[in-house]
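Please open the model in your viewer and keep the selection tool at hand.

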Number of protein chains: 2
Amino acid sequence: MPVSSVPTLHELYAGRAKTLGPAQIWPEHEGDLITLAYGFAAPEMFPTDDLLAATAEVLAEDAAEGLNYGPSYPGLVQLVVDRMHAQGTPAEPGNVLIAYGSSQVLALLPEVFVEPGDTVIVEGPTFMGAVRHFAAAGAKLLTVNVDDHGLDVDALESMLRDLAKQGKRPKFIYTIPTFHNPSGTLLPLERRQRLVELAKEYGVLVVEDDAYGELYFENPPPPRLSALNHDGWVLQVGTFSKILAPGLRMGWACGNHEIIQRLHSFKLEGSSGPYLTRVVERYCADGRLARHIEELRAAYRERRDLMLAAIAREWPKDVMVPKPEGGFFVWARLPKGMSATKLLAESEKHGVTFVPGTHFYANGQGDDAFRLSFSFVPHQQIEDGIARIGAAFRTMV
Amino acid sequence: MPVSSVPTLHELYAGRAKTLGPAQIWPEHEGDLITLAYGFAAPEMFPTDDLLAATAEVLAEDAAEGLNYGPSYPGLVQLVVDRMHAQGTPAEPGNVLIAYGSSQVLALLPEVFVEPGDTVIVEGPTFMGAVRHFAAAGAKLLTVNVDDHGLDVDALESMLRDLAKQGKRPKFIYTIPTFHNPSGTLLPLERRQRLVELAKEYGVLVVEDDAYGELYFENPPPPRLSALNHDGWVLQVGTFSKILAPGLRMGWACGNHEIIQRLHSFKLEGSSGPYLTRVVERYCADGRLARHIEELRAAYRERRDLMLAAIAREWPKDVMVPKPEGGFFVWARLPKGMSATKLLAESEKHGVTFVPGTHFYANGQGDDAFRLSFSFVPHQQIEDGIARIGAAFRTMV
C-alpha cells in the first residue's frame, strides 16, 4: 500500500541536503565596466599552439590508455614529484595526489580533518574560496593577521599558546606564504622557519597554498614551507592554473602519504582522468612549461609595473600600495576612515570594479583595503581602470 | 605551551577519516592472460582524429574562455538537453549537471539522499561500482532480482508494498534498464511503464543508469524511463564514456531541478572544467558523435556475434547465454551446482579471466553466473578467450 499522503521528492533528501547553499556565481560580461576584480589568467598568454601539439602527441602515441578507463597518469605524478625535488621538497609518488584544480584539494581538506567545532586557523586577509569550505564543514575559524611580510608569526605563536592552555589543538593553518592572495606579500625565510617549527611543536598541520610561487618577478622566493619541514606537518597545495591554464582544472596536493591517501579516498570520482593528465604532462615535458613560465613572469611583471605606475600617477598619496614581488594582485590600504565598500560603489559609477577587502576576511574586517588584479585585463584597461578609480577617489575627498 | 605528549598527525583526522577504506585498484598488464573482465571501451575505435580536430577548433576559437576559470560549458549542457529531447525526455539546462563521468554522479547521489540506515533498492546483479558508494554512506541495500527481461517489477512492487506496510520508504531504486551491466538485459516497455508508475505511487526516486542505451545492435530500445515520467521521479545518469571515450571523464545527470542543484552543491570542486566540456561539445557537433555511434554499434555488434558464435562452438550446451541486444557484456549462467569462482580459477590456469557473478550482487549471490566483456579485447582474443574458457569447462565436468 502506498504511503498515505502524497509523497514529495523533498522528503527523500538527507538532512545535509534539505537546504541549499548559495550557488557559485560566474561573472557576466558587463559592457564597458573594467574589471580589476577577477584573479583570472591573462588570456593572451595561453600557450594554445603548444597545448595543441601536446594533445596531438598524446592522441597519436598514447590514446589506447589515455582515452580508456584508468588512473591519473603516473607520468604527471612523477612530474610533480620532480618539480617538488627541484624546489627542495623531498617527495615520492605516494606523496602526491592529482586533483581537479587545487580548489578540489582545498574542498576535500575539511572532509579529512574537520568535524563541527574544530578549530582552523586562517590568515586575514585570505583566499575565502578555500575558507568557505572549512566554514561549511563547521570549523571554528580563528584569524591571524597578515602584515607587509605575510603571516604575523608572533601572533600565531601567541594564539597557539593560548589555545594549548585551553587544551585546544587546531586542525590546520591555511596559509599562502608566497605572493599571497590578496595581499601580494612574501613570507621571509625566518618567518617560514618559525612557522614550520611551530607546526611541529604544537602538532598542527600547515596547509601551504602555493598557487603563485612560480610567478616571481625579481628573485626566486625563499624555500617553500614544504621544503623546510620533512616530518609531514606541511601539506603543499599546487596548481597548473596560474602557470598553464585554469580551464584545465589540474592541481595537486603534496605531503604526508597518509594524508594523501585520505584525500584520495574522499575524492569520490577517483582519478582526475587519464586523458587530460597525459596532455598536461606532455605539455610540460621538453621544457615547454619552463619556457612558458619565463614568459608569464615577464608578462605579469610588466602588468604589475604598469598598474603601480598608474597608481602613482592617479591616486592620492596616502593610499598605501606595497609592491608585490610576484603573483596576480595589488593590495591597497586606504587612509584611516575611508571605506573600500564606498570607494567600490563610487568606482563602479566610474566604470571600474575591484574586490573590497571585506571579501577576504573570515572575521568581518577588511573595509580599509581592497584587491586589484593586474593579471586578467589588457594593458590599456589596467591604465584606464586605475585612472577611473583615481577619479572615484577625487569624488570622495 | 605545547601539548604535553608528542602530537601525531593521526590525531588530527576527522572521525570519518581515521580509518582508510580500500583503494581503487587499476588492472596491470598481465602477460599472456586474455582479459574478458574489464568493461573498457575498444581502444581501436577511439576517434582520435576527430577529437584532435575538435581540440584545435576550441583552441583556435574559444581559448580565452575555455582555458580560463569558468563553469562547465553551457553549450555542452544544451547538447545534453537536445539529446534528451531527441529521446523523448523534456529537459532544460537547469535539469542537467555535467559531471566528471557518470560515476561522479553515482558517488554524489548518497550525499544528497542517504543517511545511515536509509533503504536503497538495487538490482541483483548490478554495477557494484555504483552500489559501493551507497553502502559507504550507510544505506541498507535491498536487492530485487533481474531476470531475462531486466528488473523483476512484480518483485519490486511486492517489496515496496511490504516496506510501506512497515512505514518504510526507500530513498531510490538504482536500475540499468537498457543493456544492463552485467546481465545485458533490456527492460521491455511494459515493465518500464510499471516501474515509473510505482516510483510515483510510492514516492521513490528511480535512478536510471543509461550508460549503454545508445549502443543498440538491432532495434532502438524502448523509451528511457526518463521519457516515461515527467514528474521528477526519474533521474537519468548518462555518460560520454561508452559513446566517445572513458578517459575524458565526462558524464551528466538529468532530472528534477532541485535534485540537480543539490548534486551540484555537493560537487565540491564546482564545474567540470570549461576546457574539456568545450572539446566534448565541439566533438559532438557537426554530426561527428552521431557518425561515431553508428560505427560503434557495428563494431560492438560484430564482437558480440563473434563471442556468441565462439561460445556456441566451444562451451557445454547447458550454460545459458542470452543474446544481449546492445551494450558491452555477455552474461553466462552455469548449470546447477557449478561455481563461477571455481570456473574462474580454472580459466585463469588456461590464460583467460572474467568477472564471477558474486562481484555483481550486494547480497552475496551470483556464484552461478559470470560476466564476459566483448568490448575491450580484439577479435582474436575474444575467440581465443572463449576457447580457453571452453577448455576450463572440460576440466570441470
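Begin in chain B by selecting strands E10, E13 and E12, which in that order form an open sheet of 3 strands with antiparallel pairing. Two strands count as paired if DSSP finds at least two bridges between them, and the strands themselves (E, at least two residues), like the helices (H or I, at least four), are DSSP runs numbered from the N terminus. The edge strands are E10 (329-333) and E12 (355-356) of chain B, each of which pairs on one side only.

Before going further, note that this is a predicted model, in which local features need pLDDT of at least 70 and side-chain atom pairs count only at pLDDT 80 or more, while totals for chains, interfaces and linings use all residues. Residues are numbered from 1 along each chain as its sequence is written, and chains are lettered from A and ligands numbered from 1 in the order in which they are written.

Staying with the sheet, select E12(B) together with strand E13 (residues 369-373) of chain B, and you will find two antiparallel strands joined by 2 bridges. Here Val355(B) stands opposite Arg371(B) in E13(B). Touching, or contact, is assigned when the C-beta atoms of two residues, placed from the backbone, lie within 7 Å; axes are lines fitted to C-alpha atoms, for helices over the stretch in contact, and angles run from 0 to 180 degrees between N-to-C directions.

Next, select helices H7 (residues 153-165) and H8 (residues 189-202) of chain B, whose axes are 10 Å apart and which pack at an angle of about 10°. That angle makes H7(B) roughly parallel to H8(B), since angles under 35 degrees count as roughly parallel, over 145 as roughly antiparallel, 65 to 115 as roughly perpendicular and the rest as oblique. Among the residues of H7(B) that meet H8(B) are Leu156(B) and Leu160(B), and on the H8(B) side the contact includes Leu195(B) and Leu198(B).

Move to chain A and select H5(A) and H10(A), whose axes come within 9 Å and cross at roughly 100°. This makes H5(A) roughly perpendicular to H10(A). The contact is made by Val105(A), Leu108(A), Glu111(A) and Val112(A) of H5(A) with Ile259(A), Arg262(A), Leu263(A) and Phe266(A) of H10(A).

Now colour chain A by its domains, whose bounds come from an automatic or database domain assignment: domain 1 covers 10-46 + 290-396 and domain 2 covers 49-288. Their C-alpha centres lie 23 Å apart, and 31 residues of domain 1 are in contact with 28 residues of domain 2. On the side of domain 1 that touches domain 2, the largest share, 9 residues, comes from H12(A).

Finally, show both chains at once. How many residues does each chain give to the contact between them? Chain A and chain B each supply 71 residues, and on the side of chain A the largest share, 7 residues, comes from H5(A). A rotation of 180° with 0.0 Å of shift along its axis superposes chain A on chain B, with an RMSD of 0.0 Å, and that is the relation of a two-fold axis. The superposition is by least squares on the C-alpha atoms of residues with pLDDT of at least 70 in both copies. Because 100% of the interface residues of chain A are also interface residues in chain B, the copies meet through the same surface.
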